[in-house]
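Me: I would like to learn how to read a structure, one feature at a time. Where do we start?

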Amino acid sequence: MQAGSGRSAARFLRTSGQHASIEPDAFTVGGYVLSIGGAEQSHVDLARPDHIFYEYLRRIGHLVDLAAPAGTPVTALHLGAGALTLARYIQATRPGSIQYTVELERELLDFVLRQLPLPEGTDLHAIIGDARDALAELDPGLRFDVVILDIFSGPEAPAHLACTEFYSELRERLAPEGLLIVNVGDEPGLTLVRSQAAAMRRAMGDVAAVAEAGMFEGRYPGNIILAGTQTSWPAGWSEELTARGPHPAKVLAGVDLDALAV
């Protein structure tokens, strides 16, 4: 039975050996929470796909908003599907967009699509496999306005993805004004965030970091969003992202990022 009916559902994931579950959100009418191995992974609001519940995903949504004029369709690549929260957001805010998603867990993608149907009209091409392998297999002429990498969680990250070489391959797939967005979940000390900011700087034209202001102190775990552009970080983006929140928000770009990207 679809989760849209208000019932819970579960599925075993063979690749990871964990169980995925989708349950109604007690605090949001029409909202559902995807959990994997008992840990919450994604939140979806079927009634309002343009509403993003998790703070770090909202920050990514704001970056997507700046990637092209409002309402303009984009071509987007999602590496790491989750519950397809951002794919739903792009369809809701940019109808006519063409989207691709890559997910390692076949059962997860099937489970999510069955239980939480995508908004009508969504043009989504699903690919099962490793993110780097899938990138190499895509049409060589395909270019993306937005690439969202949402795979890293905790201090451990796949070495073949968390590296300058992969970021360089992603840059080659970006349109001239394309934007690379990387969500990095990290522990206190921000070891992974620091390494990824430095790796992205070697591959991209410019890089900025966006997060809740206290995250940059490195005293507690959480998410920091790294955004890479082909050219210089656009004037006004830092102020716009800070104003949009969620608050308190902070953006590090240019020399302000130097202390983090080491």
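Predicted model: local features only at pLDDT ≥ 70, side-chain atom pairs only at ≥ 80, totals over all residues.

Me: Which residues of α6 are buried?

Reply: A residue counts as buried at under 20% relative accessible area. In α6 these are L192, V193, Q196, A197, A198, A199, M200 and A203.

Me: What do the buried residues of α6 pack against?

Reply: Their partners are the helix α5 (164-172) and the strands β8, β9 (174-186), β10 (206-212) and β11.

Me: How should I read the sides of a helix?

Reply: An α-helix has 3.6 residues a turn, so residues three or four places apart point the same way. For a case, take α5, where T164, F166, Y167 and L170 are buried. Those residues cover an arc of only 160 degrees around the axis, which puts them on the same side of α5.

Me: And what do the buried residues of α5 pack against?

Reply: They pack against β5 (75-79), α4 (131-137), β8, β9 and α6.

Me: Next, rings. How many aromatic pairs does a search of the whole structure find?

Reply: The search finds 3 aromatic pairs. One of them joins F53 and Y54, with 5.9 Å centre to centre and 55 degrees between the planes, and is tilted. F53 is partly exposed at 36% relative accessibility, while Y54 is buried, with a relative accessible area of 15%.

Me: Why is the pair of Y100 and F144 called edge-to-face?

Reply: Planes over 60 degrees apart count as edge-to-face. The planes of Y100 and F144 stand at 85 degrees, so the pair falls in that class, and the ring centres are 5.8 Å apart. This pair links distant parts of the chain, as Y100 is in strand β6 (residues 98-103) and F144 in strand β8 (residues 144-153), 44 residues apart.

Me: Are Y100 and F144 buried or exposed?

Reply: Y100 counts as buried at 16% relative accessibility. F144 is buried as well, with a relative accessible area of 0%.

Me: Last, a loop. Where does S232 lie?

Reply: S232 is in the loop between β11 (222-229) and α7 (237-244). Exposed means over 50% relative accessible area, and S232 is exposed because its value is 56%.

Me: How far apart are S232 and G254 in sequence and in space?

Reply: They are 22 residues apart in sequence and 8.9 Å apart in space, C-alpha to C-alpha.

Conventions
Residues numbered from 1 in each chain as written. Heavy atoms only, no water. Helix = DSSP H or I, 4+ residues; strand = E, 2+ residues; numbered from the N terminus. Buried < 20%, exposed > 50% of the residue type's maximum accessible area, 1.4 Å probe, protein only. Phe/Tyr/Trp six-rings, centres within 6.5 Å; stacked < 30°, edge-to-face > 60°. Contact = heavy atoms within 4.5 Å. Arc of directions from axis to C-beta.
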